[in-house]
Amino acid sequence: MASPVHPRQLAFVLPHEESLTRDNFLEGPANAAALALIDAWPEWPNRTTMLVGSEGSGKSHLAAIWAEQSGARSIAAHALTPANVPGALATGALVVEDLRAGDFDERALFHLLNLAREDAAFVLMTSRIPPSALEVELRDLRSRLRALPTVSLLPPDDQLFRALIVKFCADRQLAVDEAVVGYLANRIERSYAAARETVELLDREALRLGRPITRAFAAEVLRGKS
């Protein structure tokens, strides 16, 4: 007689909202310059500026803080069109999120930069790579982008990295102790994305297996991942 097949328990991960307020932003040497820029508004030396940093480094969080302060609208770079530029700049301040090579309308962005200059509007753009590394065909736009002041968000130091792990766990209402945080901080890649992905994995596996997140459990999950 065949052995019974035990169905694998499915984990239903409920969506959670990450707080993007100023009070919830984790400060450290890695993001001090970027945070200082946001706090300095409207006394910016240049009304158009770009935040550059890796995935998960806090660009969108800082942009959300600035948008709240300035009344800025927000638009994804790939959603920009020549027709929607005037409306996007209607409040005199705009966030342009996630500028990627080959994923935006060059003429629309050039129109935006020109109109922002004419209207003395503020524009905050975010990108994972500096403007000098963006492949742009439109020569005038390429020149304009390379002249933009940029502020970089650096990789997290140990203190900020541990705080990020704690924050990502708190966002998911996960109870973890210092042993778990210390283990993860010493075992996973020192990046914002790795911290977020690891916490998501632990949450998913803990829910699926019905187990608490302990140091031993974290070690088991990470061994299974490798």
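Predicted model: local features only at pLDDT ≥ 70, side-chain atom pairs only at ≥ 80, totals over all residues.
Biologist: Why is helix 7 called roughly parallel to helix 9?

Modeller: Helix 7 (residues 178-187) and helix 9 (residues 215-225) pack at an angle of about 30°, and their axes lie 8 Å apart. Angles under 35 degrees count as roughly parallel, and therefore helix 7 is roughly parallel to helix 9.

Biologist: Which residues of helix 7 and helix 9 meet?

Modeller: From helix 7, Ala179, Val180, Tyr183, Leu184 and Arg187 meet Arg215, Ala218, Ala219 and Leu222 of helix 9. By class, this contact holds 7 nonpolar, no polar and 2 charged residues.

Biologist: What makes strand 2 and strand 5 the edge strands?

Modeller: The open sheet has 5 strands in the order 2-3-4-1-5, with parallel pairing. Strand 2 (73-76) and strand 5 (150-152) each pair on one side only. From one strand to the next, the twist averages 20°.

Biologist: How do you know that strand 1 and strand 4 pair?

Modeller: Two strands pair if DSSP finds at least two bridges between them. Strand 1 (residues 48-52) and strand 4 (residues 122-127) have 5 bridges, in the parallel sense; by that criterion, they therefore pair. Val52 stands opposite Ser127 in strand 4.

Biologist: What is the direction of helix 2 relative to that of strand 3?

Modeller: Helix 2 (residues 59-70) packs on the sheet and touches strand 1, strand 3 (93-97) and strand 4. The direction of helix 2 makes about 165° with that of strand 3.

Methods
Residues numbered from 1 in each chain as written. Heavy atoms only, no water. Axes fitted to C-alpha atoms, helices over the stretch in contact; angles between N-to-C directions. Helix = DSSP H or I, 4+ residues; strand = E, 2+ residues; numbered from the N terminus. Parallel < 35°, antiparallel > 145°, perpendicular 65-115°, else oblique. Contact = heavy atoms within 4.5 Å. Nonpolar A, V, L, I, M, F, W, Y, C, P; charged D, E, K, R; others polar.
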